[in-house]
Amino acid sequence: MRPAPSTLDRLLKPLHRWIWADGRRRARKLLRFAETEADGGRDLARAAELTRDPLLRRLYLRHAEDEQRHAGLFAQRGRELLLSQGNSRGFEANFIAPGERGLDDLRVEDEPDEALLAFLHLSENAAAGRFAAYAEVLEADRTTRALFARILEDEAFHMAYTRKQLARLAPRKQGLHLWKARAGRVWSAYLRLAAALAGVLGHVLLLAQYFLLLPPFALLTRRAARRETEGFAASRTPTPLRSQY
Ligand SMILES: [Fe+2]
Ligand SMILES: [Fe+2]
């Protein structure tokens, strides 16, 4: 299986080129990818502990080692770029160019091997396609491009072994498991989009409150302040203490 960019990533190629053109953003993105890969590696090591299938245990462990190695390679390249470019915070466009996403949604304890393999196969497939797209637009940075090409070989192996093992464990229901995993990924994508949209709407509403609701109160306070006399004010005449009325 030769990983290739998806049609969407092909259409978004100019956008990907723009995202990866900035050296500092490239460094930050690689460091973020390193975190995701390391996280995925830990989840796969946990999956290796939980499975009762000896062949799957070996494959999960090899997969975990690969993801851990990817984390190290991404972190190393990210640090090199940061040292040469200097650090600064900025827009990372993670929604458009997220790297090996999907492994971060993994719940290894709750999934039987068949569901986990279907989920892993789709995530690896998507990640391999994205990495292929990023490698295509990195003409100006040959070292990072070579890094993606190297990692792609492992991702192709992850794609292939998960598919093969799913066919071994569930020869009749593999299509159903893949369909369910696909539905789960669509749901996760919807939740991510909804959360991002909620964040934007919250921001807009708070800005509207700040600029529309606060000014009248500020004007009222200013008017009230004008009515106040300046300097010491005479105290009120004390009320007699004979009765409360
Ligand atoms: Fe990876
Ligand atoms: Fe992978």
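Axes here are lines fitted to C-alpha atoms, for helices over the stretch in contact, and the angle between two of them runs from 0 to 180 degrees between N-to-C directions. In these terms, helix H5 (residues 113-137) of this predicted model packs against helix H7 (residues 174-227) at an angle of about 60 degrees, the two axes lying 8 Å apart. Angles of 65 to 115 degrees count as roughly perpendicular and those under 35 as roughly parallel, and H5 is therefore classed as oblique to H7. The crossing of these two helices is right-handed. On the H5 side the contact is formed by Glu-114, Ala-115, Ala-118, Phe-119 and Leu-122, which meet His-177, Leu-178, Lys-180, Ala-181, Arg-182, Gly-184 and Arg-185 of H7. By class, the residues of this contact comprise six nonpolar, two polar and four charged.

Helix H5 also packs against H2, and the axes of this pair come within 9 Å and cross at roughly 70 degrees, so that H2 is roughly perpendicular to H5. This crossing, too, is described as right-handed. From H2 the contact draws on Lys-13, His-16, Arg-17 and Trp-20, and from H5 on Ala-133, Tyr-134 and Val-137. Four nonpolar residues, one polar residue and two charged residues make up the contact of H2 with H5.

A further pairing involves helix H4 (residues 54-85) and helix H6 (residues 142-169), whose axes come within 11 Å and cross at roughly 165 degrees. Angles over 145 degrees count as roughly antiparallel, and H4 is therefore roughly antiparallel to H6. In this case the crossing is left-handed. The residues of H4 that take part are Leu-56, Leu-59, His-63, Asp-66, His-70, Leu-73 and Arg-77, and they meet Thr-143, Thr-144, Leu-147, Ile-151, Asp-154, His-158, Tyr-161 and Gln-165 of H6. The contact of H4 with H6 divides into six nonpolar, six polar and three charged residues.

The largest nonpolar core of the model has 16 residues, and within this core the residues with the most contacts are Phe-131, Tyr-134, Ala-135, Leu-138 and Phe-148. At least two residues of the core are supplied by each of helix H2 (13-21), H5 and H6, and the greatest contribution comes from H5, with nine residues. When residues up to four places away in sequence are not counted, Phe-148 touches Phe-131, Tyr-134, Ala-135 and Leu-138. A second, separate core has 13 residues, among them Leu-56, Tyr-60, Tyr-161 and Leu-166.

Leu-50 was examined individually and is placed in helix H3 (residues 23-50). Apart from neighbours within four places in sequence, the contacts of Leu-50 are with Val-108 and Glu-109. Leu-50 and Asp-113 are separated by 63 residues in sequence, yet their C-alpha atoms are 9.4 Å apart in space.

Notes
Residues are numbered from 1 along each chain as its sequence is written. Chains are lettered from A and ligands numbered from 1 in the order in which they are written. This is a predicted model: local features need pLDDT of at least 70, side-chain atom pairs count only at pLDDT 80 or more; totals for chains, interfaces and linings use all residues. Helices (H or I, at least four residues) and strands (E, at least two) are DSSP runs, numbered from the N terminus. Two residues are in contact if their C-beta atoms, placed from the backbone, lie within 7 Å. A crossing is left-handed if the near helix is turned anticlockwise from the far one by less than a right angle, and right-handed if clockwise. Ala, Val, Leu, Ile, Met, Phe, Trp, Tyr, Cys and Pro count as nonpolar, Asp, Glu, Lys and Arg as charged, and the others, Gly among them, as polar. A nonpolar core is a set of buried Ala, Val, Leu, Ile, Met, Phe, Trp, Tyr and Cys residues joined through C-beta atoms within 7 Å. A residue is buried if 20 or more other C-beta atoms lie within 10 Å of its own, exposed if 12 or fewer, and partly exposed in between; C-beta atoms are placed from the backbone.
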